[in-house]
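Please look through the sequence and the model shown here.

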Amino acid sequence: MVQVDDTTTDRFDTGRFEASRHRLASLAYRLLGSAADAEDVVQDAYLRWQAADRRRIEVPEAWLTKVVTNLCLDRIRSARTRRERTVGTWMPEPLLDGDPMLGPADTFEQRESVSLAVLTLMERLSPVQRAVYLLHETFSYGHAEIAGILDITESASQQHLRRARGRVTAARRRGAEVDPASARRIVEEFFTAAASGRTERLVALLTDDATAISDGAGLIETMSRYDTPQRIAAVARAGFAPTPAKRRFTGGTPAIHYARLNGGPAILVVAGHKIAGAVTFDLAGTQISLVRGIAAPVRLVRLNECWRRYTPGPPVLTSW
């Protein structure tokens with residue numbers, strides 16, 4: 001008979017946790033919209049897993065999902081998180097396509113649930129609605145399983161899902177998925193028009209109710225917001241025009257790369273193999289409905305970690 005000591009058991013149990021790590025991180029990221037917070041939650045879950053009497057855990061995947069979900073809900077309900085959301089300093093942290101934290105992307109619902117638009121929309125749902133929607137639509141949990149995870153009834157889970165679906169569906173009516181080739185063409189045309197100062201073309205590429213938001217590179221307390229195509233065009237011209245001040249800010253002459261962040265089109269400003277800023281775009285058909293400027297270092301940490309392992313295509317522009 002082969003004897004199994006405690007060290008062997010711990011290695012086996014650690015392996016079971018590690019096999020679930022990417023799935024748990026993907027769930028936490030979708031719930032929180034922050035890669036850093038998702039990593040913290042998964043680490044907390046690991047410590048709880050290590051401290052638990054694992055012999056009494058019948059289904060480790062279900063146990064870990066419940067722990068991670070409820071740790072996320074505790075964070076969402078915390079006073080610090082509510083304050084950040086209330087004063088308007090919050091924006092989803094973008095991830096480079098291919099990052100395992102983005103998780104499953106086989107269905108439209110799975111891809112949509114990790115888009116920056118839906119991560120932002122999740123903020124308008126109650127914490128429980130958010131959890132029910134993601135567990136059901138993205139991770140294919142049934143209502144009986146969700147009820148056990150959230151300690152609610154099956155009928156309550158069904159009701160939360162209906163309400164969450166209604167809000168997501170209403171937001172989705174702006175347009176269906178745009179194929180990647182068309183998305184790239186639109187975004188590169190926007191960037192080219194902005195860099196060359198072609199205001200009329202910029203305005204034509206924006207929907208009538210387009211919005212732009214910027215985190216001001218983390219130097220301002222609240223997001224800057226621009227609500228008309230003309231104002232967005234003016235900001236884009238100023239933001240994309242090459243200047244010595246921008247080169248000093250980025251630490252050199254940056255290269256401009258096209259990329260996909262959270263499944264959507266984006267422009268990355270890269271200097272010295274480091275991403276100094278990202279501009280993401282939400283599309284409605286052949287026009288742009290939302291522009292996000294992201295340059296706060298705290299929102300670029302994981303993006304830069306992945307970029308160091310990424311092989312990008314040729315830059316859109318190298319002499320900006």
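This is a predicted model: local features need pLDDT of at least 70, side-chain atom pairs count only at pLDDT 80 or more; totals for chains, interfaces and linings use all residues.

T280 itself belongs to strand β5, which spans residues 274–284.

Is T280 buried or exposed? Its relative accessibility is 2%, and residues under 20% count as buried, so T280 is buried.

## Helices α3 and α7

Two packed helices are described by the angle between their axes and the distance between the axes. For helix α3 (residues 60–77) and helix α7 (residues 127–137), the angle is about 145° and the axes are 10 Å apart. The crossing of α3 and α7 is right-handed.

Which residues make the contact between α3 and α7? From α3 come T65, T69, L73, I76 and R77, and from α7 come P127, V128, R130, A131 and L135. Sorted by class, the contact of α3 with α7 holds six nonpolar, two polar and two charged residues.

## Helices α10 and α12

Helix α10 (residues 180–195) packs against helix α12 (residues 229–240) at an angle of about 75°, and their axes are 7 Å apart. Angles of 65 to 115 degrees count as roughly perpendicular, so α10 is roughly perpendicular to α12.

On the α10 side, the contact is made by F190, F191, A194 and A195; on the α12 side, by A236, R237 and F240. The contact of α10 with α12 has six nonpolar residues, no polar ones and one charged residue.

## The nonpolar cores

In soluble globular proteins, nonpolar side chains tend to be buried together. The largest nonpolar core in this model has 47 residues. Within this core, F17, Y29, V68 and L150 have the most contacts. The elements that give it two or more residues are α1 (6–32), α2 (35–51), α3, α6 (116–121), α7, α8 (143–150) and α9 (154–172). Of these, α1 gives the most, with eight residues.

What does V68 touch, leaving aside its neighbours within four places in sequence? V68 is in contact with L24, L27, A28, V41 and A45.

Note on methods: Residues are numbered from 1 along each chain as its sequence is written. Side-chain values use heavy atoms; hydrogens and water are left out. Helices (H or I, at least four residues) and strands (E, at least two) are DSSP runs, numbered from the N terminus. Buried means under 20% relative accessible area, exposed over 50%, partly exposed in between (1.4 Å probe, protein chains only). Axes are lines fitted to C-alpha atoms, for helices over the stretch in contact, and angles run from 0 to 180 degrees between N-to-C directions. A crossing is left-handed if the near helix is turned anticlockwise from the far one by less than a right angle, and right-handed if clockwise. Contact means heavy atoms within 4.5 Å. Ala, Val, Leu, Ile, Met, Phe, Trp, Tyr, Cys and Pro count as nonpolar, Asp, Glu, Lys and Arg as charged, and the others, Gly among them, as polar. Angles under 35 degrees count as roughly parallel, over 145 as roughly antiparallel, 65 to 115 as roughly perpendicular and the rest as oblique. A nonpolar core is a set of buried Ala, Val, Leu, Ile, Met, Phe, Trp, Tyr and Cys residues joined through side-chain atoms within 4.5 Å.
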